[in-house]
Amino acid sequence: MTAPASALRPPTTDELDPEERLSRAEIERLQLERLRWTVQHAYRNVPLYTRKFDEAGVHPDDIRTLDDVHRLPFTTKDDLRETYPFGMFAVPMADVARIHASSGTTGRPTVVGYTRGDLDRWGALVARSLRASGIRRGMKVHNAYGYGLFTGGLGAHAGIEALGATVIPMSGGQTARQVQLIRDFEPDAILCTPSYLLTIADAMAAQGIDPRSTSLQVAVLGAEPWTNEMRHELEQRLGIDALDIFGLSEVMGPGVGNECLETKDGPHLWEDHFLPEVIDGDSLQALPDGERGELVFTSLTKEAFPVIRYRTRDITRLLPGTARPGMRRMEKVTGRNDDMIILRGVNLFPTQIEELVLGIEQLTPHFILELTKEGRMDALTVRIERHPDLSLETCEAAAQVLVQRIKVFIGSSVAVRLEEPGALPRSEGKYKRVYDLR
């Protein structure tokens, strides 16, 4: 079964923002102008950048071309924690209209701030992203991103309103109520993480509702890495178009880039507001477009919280623009430097396992990865739910196929353990896929 032909339409040229219509050369001229302003702003107003620039022997006046960005020091999450809570703000607190924060594993979250102008630009970029996905003024949009300090809920909310669509501010969790409101309010679109949309589809099926029978036409999904195989699964399951929205709190929030409905070939980055690079994670040298490495961003228009060469830890590569020729696009994120598993000398990402799981029809997409020690050796077990409509023997055979494919395509030996349907936790936002029990 395949997803039906899309009822949505890509935006016409006259519906695009003026910046979306710029040539590559025009984008680069705009980037250089805005980069020079950002570097001056950060150097003058953020003590951490003043110190780091001086230590690196670089001054804002040294930025004369876009390539000069490579002379600037990197910013890391440790820098943000060192300056907790407000040391990265470049404007007086009286000019900060809103504060967001990401969850922190060290007890200190990373804190970001926005001026009123920052919020307006953020809303406009999320609106641009939703329009690229086929969402239009007057549509109803079910927002299942979490509200609160997380940037997803309120960031998406503002973009829906800026587009002129109707927002349904459901937030995350309460899955049964999500299903009820989708049935009752008949939204055209949904925003959430891909793993949570799968949870919602499962809940519909458990209630005897065909997930393809709802009013939903499009899902704009982000906040966690997901594969094209997961896209295919969701599109088939719900009869929708599924598109990738990209962002991260430290750079802005959702809306740094978005896939375009007409191509679905990775998020186009809104380069009028952000300067992306890809670097080698070991040497820290910049890589040419087309080579895979760690994604780095410099903001170009942020007032309250400018970031210079922020190391995202996301693994991707930069590619030429297609639907928006002036803007480069990024390959879908395949993983993060900090979620990479090193198993007996082999590097693997959870998304690689997901891709193989979704390529075996007899397996469900519900799985987790458990790392343990067997003597002095690391071991990985894929715990995966068996298919409720297939025999145990059929599922066991499929599990062995997965073992073989992981060995062939990833190069590591793992164990696969079948679980009963419903035995594993379900996503209510960002899904925890890896459990390190070593």
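Modeller: Setting aside neighbours within four places in sequence, I368 is in contact (heavy atoms within 4.5 Å) with T381, V382, R383, L424, Y431, K432, R433 and Y435. The model is predicted, so local features need pLDDT of at least 70 and side-chain atom pairs pLDDT 80 or more, while totals for chains, interfaces and linings use all residues. Numbering starts from 1 along each chain as its sequence is written, and side-chain values use heavy atoms, without hydrogens or water.

I368 sits in strand β18; helices (H or I, at least four residues) and strands (E, at least two) are DSSP runs, numbered from the N terminus. The relative accessibility of I368 is 3%, so the residue counts as buried (under 20% relative accessible area, with exposed over 50% and partly exposed in between, for a 1.4 Å probe and protein chains only). From I368 to L72, the C-alpha separation is 40 Å, across 296 residues of sequence.

Strand β18 (363-374) also belongs to the surroundings of helix α7, whose buried residues pack against β18, α6 (175-185), β5 (189-192), β6 (218-221) and α8 (228-238). Of the 13 residues of α7, 11 are buried, so the helix is largely enclosed by the rest of the structure. The buried set is P194, S195, Y196, L197, L198, T199, I200, A201, D202, A203 and M204.

Just after α7, G208 has a positive phi of about 80°.

Helix α7 packs on α8 at an angle of about 30°, with the axes 11 Å apart. Axes are lines fitted to C-alpha atoms, for helices over the stretch in contact, and angles run from 0 to 180 degrees between N-to-C directions. That angle makes the two helices roughly parallel (under 35 degrees; over 145 is roughly antiparallel, 65 to 115 roughly perpendicular, the rest oblique). On the α7 side the contact uses P194, L197, L198, A201, D202 and A205, and on the α8 side M230, L234, R237 and L238. By class, the α7 contact with α8 has 8 nonpolar, no polar and 2 charged residues. Here Ala, Val, Leu, Ile, Met, Phe, Trp, Tyr, Cys and Pro count as nonpolar, Asp, Glu, Lys and Arg as charged, and the others, Gly among them, as polar.

Another helix pair is α4 (residues 116-132) with α5 (residues 151-163), packed at about 75° with axes 7 Å apart. These two are therefore roughly perpendicular to each other. By class, their contact has 9 nonpolar, 4 polar and 1 charged residues.

Some backbone details remain. Most residues other than glycine have a negative phi, and most peptide bonds are trans. S171, in the loop between β4 (166-168) and α6, has a positive phi near 70° and is buried, with a relative accessible area of 18%. E186, in the loop between α6 and β5, has a positive phi of about 50° and is partly exposed at 48%. The peptide bond from Y84 to P85 is cis, with omega near 0°, and P85 lies in the loop between α3 (77-82) and β1 (98-102).
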